Amino acid sequence: MESRISAADADGSSSLAEQLLRLTRRLHRVQRRHLEPLGITPAQSRMLRSVAHSEEPPRMADLAQHLEVVPRAVTTLTDALEERGFVRRVPDPANRRVVRIEMTAEGQGALRRLRQARRDAAEEMLAPLDAAQRDALTALLAVLDTAPGHC
C-alpha cells in the first residue's frame, strides 16, 4: 500500500512549521532584549559559551567550525570580547603559531549574567504555560531534538 500524506496532514505540518519559525524568531527577539543591557550581542554570547564549554582554550579555527562561521568572524568576535576583557588570546604551548582563546575572570562574570538573561528570556516566553504544559512541551521537544537526522 502506497503511503501518501493527505492535504490536511501537509497543511498541518506546514502550519506547525510556520508556528515553530515564528516562535523561534520571537525567542531570538526576547533574548536580544534581555542581552541588550549587558552590551553583548547574541553572536558574542554564543562565542563566550563555546569558549566556556571547551575542555581547554579553543583554537580560533575550532571556534569558527563550532560556531559555523568563517574564521574572520571569530577574529571580529574575539576582538570585541577581548576589548571588554572577557577573553584573551594566548599562544598554544605546543605550537607558537597557533592562538587559543581563553576566558578571563571578567568573562566568567559576564557568562553568569548571560545565563541569567537567557533564563529570564525563557521564563518570559514560557510564562503562559503551567507546570504540566511545560513538562509536556519539554518532552515533545526532547523527542524532536533526539530524532534521527537531527542536525
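Author: A residue is called buried under 20% relative accessible area, exposed over 50%, and partly exposed in between (1.4 Å probe, protein chains only). The model discussed here is predicted, and local features need pLDDT of at least 70, side-chain atom pairs count only at pLDDT 80 or more, and totals for chains, interfaces and linings use all residues. Residues are numbered from 1 along each chain as its sequence is written, and side-chain values use heavy atoms, with hydrogens and water left out.

Reader: Which element of the protein chain has the lowest mean pLDDT?

Author: pLDDT is the predictor's confidence in each residue, from 0 to 100, and the elements are DSSP runs numbered from the N terminus, namely helices (H or I, at least four residues) and strands (E, at least two). The protein chain averages a pLDDT of 89, and 91% of the residues score at least 70. The highest mean, 96, belongs to α4, whereas the lowest, 83, belongs to α1.

Reader: How many salt bridges does the structure hold?

Author: Side chains of opposite charge can pair when their charged atoms come close. A salt bridge here is a side-chain nitrogen of Lys or Arg within 4 Å of a carboxyl oxygen of Asp or Glu. The number of such pairs in the structure is eight.

Reader: How many residues apart in sequence are the parts tied together by Glu56 and Arg100?

Author: The side chains of Glu56 and Arg100 meet in a salt bridge at 3.9 Å, N to O. Because Glu56 lies in the loop between α2 (42-52) and α3 while Arg100 lies in strand β2 (residues 95-103), the pair ties together parts whose separation in sequence is 44 residues.

Reader: What is the distance between the closest N and O atoms of Arg100 and Asp92?

Author: Arg100 has a relative accessibility of 13% and therefore counts as buried. Arg100 and Asp92 are both buried. Their salt bridge brings the closest N and O atoms to a separation of 2.6 Å.

Reader: Which residues form the positive surface patch?

Author: Patches are made of residues with over 30% relative accessible area and no salt bridge, like charges being joined within 9 Å and nonpolar side chains (Val, Leu, Ile, Met, Phe, Trp, Tyr) within 5 Å. Lys and Arg count as positive and Asp and Glu as negative, with His and the chain ends not counted; the place of a charge is NZ of Lys, CZ of Arg, CG of Asp or CD of Glu. Arg32 is found in helix α1 (residues 7-35) and is partly exposed at 41%, while Arg26, also placed in helix α1, is partly exposed at 36%. The positive patch is formed by Arg22, Arg25, Arg26, Arg29 and Arg32.

Reader: What is the area of the nonpolar surface patch made by Leu137, Leu141 and Leu144?

Author: Accessible areas come from the Shrake-Rupley method with a 1.4 Å probe, and for residues only the protein chains shown count as cover. Leu137 lies in helix α6 and counts as partly exposed at 33% relative accessibility. The patch made by Leu137, Leu141 and Leu144 has an area of about 260 Å².

Reader: Near what value is the phi of Glu68?

Author: Most residues other than glycine have a negative phi. Glu68 lies in the loop between α3 (60-67) and α4 (71-83) and, at 73% relative accessibility, counts as exposed. The phi of Glu68 is positive in a residue other than glycine, near 60°.

Reader: How far apart in space are Ala110 and Phe86, C-alpha to C-alpha?

Author: Ala110 is found in helix α5 and is buried, with a relative accessible area of 0%. Ala110 and Phe86 are 24 residues apart in sequence, and their C-alpha separation in space is 7.3 Å.
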